[in-house]
Amino acid sequence: MAAPKVAVVGAGVVGLSTALSVAGAFPACSLTLLAEHFSPGTTSDVAAGMLIPHAAPDTPIHVQKQWFRETFTYLFAISNSAEASEAGVHLVSGWQVFKSAPEEDLPFWSDVVLGFRTMSEAELQKFPQHRYGQAFTTLKCDCPPYLLWMEKRLKAKGVQMCTRKVASLWELHSEYDIVVNCAGLGARRLVGDQQLLPVRGQVLQVHAPWVKNFIRDGDGLTYIYPGINSVTLGGTREKESWSLCPDPGTAKGIFGRCCSLEPSLRAARDVKVKVGLRPSRGSVRLQREVWSQAGAKILVVHNYGHGSGGFSMHWGTAKEAARLVGECIALLQGSSSRAKL
């Protein structure tokens, strides 16, 4: 049969990494990336890009750990390469602090990050309002450099990149054999997934080059994540809010909370406010389907619904999506062989 034509819909961190994984696993495919928005206009561009996972309630922990481990291993190799600066991938050390000790002794990802340990009493003196803490080194992807680096790699592999608003996956059936749905929150409209809901996140980006260590409150709502050129301060987690308008009161609250953790931030300048809508559901949807209509069919692979865990899990889920694309290719080759008989 002719080389399968594959379309990946969505150009955030999940769409780009899935396209890269598919292109690497199946170089004979004709691969196209379709998106209404590319960087810097994606939800991923607002994300801090820190690899600190949030447990998804409906996904087995061992699966989430595998996705995280695969992502960490992949990005760690990039951070140790000559491309680290261009890709915006770097190691960052810091602390996660709690007002009281958490119920779980160790988070499921503690043996994936580097040097995970309980903070000493001397370290905790930096955080007088907190009684317990964990210190470790993890990875951070700066955006948009990381997204642009992936786009560059896709172009080098001959992947076509088209700005296009896809109203329905079915509209692609006459052009492509396989469609990979990485549309994030857009999947709610594309496939009618009512489980998929926005969780609004507002963050600040500030110039504070003296801040070298990350600090994260254990509740996950207040965090300071230093990048290469700016520091991300957060945040919010507003369920079912569709507003992309920055809220000045929220911004003031974020800045105040972060300054209570790191008082030197009072001297930060060039404050920019950003808002994004996390595509959240009980579990990531990683699944393949056959869609049929009036004698025509299209093979569909879904990879969306990462919520706040897109960067922490993206390469692990991209590899799984590529495996599902491989199953689709096998189905196509099987039907082609039967047709010849």
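**View 1. The aromatic cluster of W109, F116, F136, F214, Y223 and Y225, which ring pairs link together.** In this predicted model, local features need pLDDT of at least 70 and side-chain atom pairs count only at pLDDT 80 or more, whereas totals for chains, interfaces and linings use all residues. Residues are numbered from 1 along each chain as its sequence is written, and side-chain values use heavy atoms, with hydrogens and water left out. Rings of Phe, Tyr and Trp (its six-membered ring) are paired if their centres lie within 6.5 Å, and planes under 30 degrees apart count as stacked, over 60 as edge-to-face and the rest as tilted. On these criteria, a search of the whole structure finds 13 aromatic pairs.

**View 2. The tilted pair of F136 and F214.** The ring centres of F136 and F214 are 5.1 Å apart, and their planes make an angle of 55 degrees. Because F136 belongs to strand 5 (residues 132–141) and F214 to strand 9 (residues 214–217), the pair ties together parts that are 78 residues apart in sequence. Helices (H or I, at least four residues) and strands (E, at least two) are DSSP runs, numbered from the N terminus. F136 is buried at a relative accessible area of 2%, and F214 is buried at 0%; here buried means under 20% relative accessible area, exposed over 50%, and partly exposed in between (1.4 Å probe, protein chains only).

**View 3. The stacked pair of Y223 and Y225.** With ring centres 4.7 Å apart and planes at 15 degrees, Y223 and Y225 form a pair that is therefore classed as stacked. Y223 and Y225 are both buried.

**View 4. The cis peptide bonds that end at P40 and G235.** Most residues other than glycine have a negative phi, and most peptide bonds are trans. The bond joining S39 and P40 is cis, with omega of about 10 degrees, and P40 is placed in the loop between strand 2 (30–35) and helix 2 (61–79). The bond from G234 to G235 is also cis, with omega near 5 degrees, and G235 is found in the loop between strand 11 (231–234) and strand 12 (238–239).

**View 5. Positive phi at E240 and D270.** Although E240 is not a glycine, its phi is positive, at about 60 degrees; E240 lies in the loop between strand 12 and helix 7 (248–261) and is exposed, with a relative accessible area of 55%. D270, likewise not a glycine, has a positive phi of about 55 degrees, but its place is in strand 13 (residues 269–293), where D270 counts as partly exposed at 45% relative accessibility.

**View 6. The whole chain, as context for the close-ups.** The secondary structure of the chain comes to eight helices and 14 strands. The radius of gyration, taken over C-alpha atoms, is compared with a globule rule of 2.2 Å times the number of residues to the power 0.38. Its value of 21 Å is close to the 20 Å that the rule gives for 341 residues, so the chain is as compact as a globular protein of that length. The C-alpha atoms fill a box of roughly 75 × 40 × 40 Å along the principal axes, and 54% of the 341 residues count as buried. Among the contacts (heavy atoms within 4.5 Å) with a separation of 6 or more, 75% come from residues 24 or more positions apart.
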